[in-house]
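Hi everyone, thanks for having me.

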Amino acid sequence: MATSGTVVKQSWQENQETTTGKFLRKFEEAPYVPMGIAALVGTVALGAWNIKRKGINGQKIPLSLQVIHIRVAAQTMVVGAMTLGVGYSIISRYLKNKSDPK
């Protein structure tokens with residue numbers, strides 16, 4: 001009995017995908033999602049740097065207003081990446097169907 005359990009465990013482990021492999025596969029399937037996440041992280045990092053600097057362009061802006069600006073910019077990046085991704089998939093499907101008549 002121990003051998004059959006070992007075989008099942010080994011085959012289950014062989015089917016498991018590494019985190020890096022899964023990320024690369026997802027990036028190939030939908031490249032705009034990781035790009036949107038990267039833009040989100042970059043926007044939040046830039047906003048945090050501006051907060052640390054005590055203002056945007058040398059102006060003294062209240063912290064609550066800076067946080068609102070960061071949130072709006074981050075949402076804009078993510079929605080923009082999603083829009084580009086949907087547009088790309090629609091165009092690629094349309095061109096694929098048009099070039100492959102049946």
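Leaving aside its neighbours within four places in sequence, which residues is Thr43 in contact with? Have a quick look before I tell you. Okay: Thr43 is in contact with Ile70, Ala73, Ala74 and Met77, once you skip those neighbours within four places in sequence. Thr43 itself is found in helix H3, which covers residues 32–52. And is Thr43 buried or exposed? It's buried: its relative accessible area is 12%, and the cut-off for buried is under 20%.

Now let's step back. What you're looking at is a predicted model.

On to helix H4, residues 63–99. Thr76 sits in helix H4. Its side chain reaches the backbone oxygen of Val72, at 2.7 Å.

What about the outside? The accessible surface of the protein comes to about 8,600 Å², and 66% of that belongs to carbon and sulfur atoms. On the surface there's a nonpolar patch formed by Phe23, Leu24, Phe27 and Met35, with about 380 Å² of accessible area together. Which helix gives the largest share of that patch? That's helix H2, residues 19–29, with 3 residues. Phe27 is in helix H2, and at 33% relative accessibility Phe27 counts as partly exposed, because that value lies between the 20% and 50% cut-offs.

Last thing: how confident is the predictor? The protein averages a pLDDT of 77, and 77% of the residues score at least 70. Among the elements, helix H4 has the highest mean pLDDT, 85, while helix H1, residues 2–15, has the lowest, 54. Where pLDDT is low, the predicted coordinates should not be read in detail.

So, to recap: Thr43 is buried, and its contacts include Ile70 and Met77, while Phe27 is partly exposed and belongs to the nonpolar patch on the surface.

Technical notes:
Residues are numbered from 1 along each chain as its sequence is written. This is a predicted model: local features need pLDDT of at least 70, side-chain atom pairs count only at pLDDT 80 or more; totals for chains, interfaces and linings use all residues. Side-chain values use heavy atoms; hydrogens and water are left out. Accessible areas come from the Shrake-Rupley method with a 1.4 Å probe; for residues, only the protein chains shown count as cover. Helices (H or I, at least four residues) and strands (E, at least two) are DSSP runs, numbered from the N terminus. Buried means under 20% relative accessible area, exposed over 50%, partly exposed in between (1.4 Å probe, protein chains only). Contact means heavy atoms within 4.5 Å. Patches are made of residues with over 30% relative accessible area and no salt bridge: like charges are joined within 9 Å, nonpolar side chains (Val, Leu, Ile, Met, Phe, Trp, Tyr) within 5 Å. A salt bridge is a side-chain nitrogen of Lys or Arg within 4 Å of a carboxyl oxygen of Asp or Glu. pLDDT is the predictor's confidence in each residue, from 0 to 100. A polar contact is a pair of N or O atoms within 3.5 Å; within protein, one must be able to donate a hydrogen and the other to accept it, and residues adjacent in sequence count only if both atoms are side-chain atoms.
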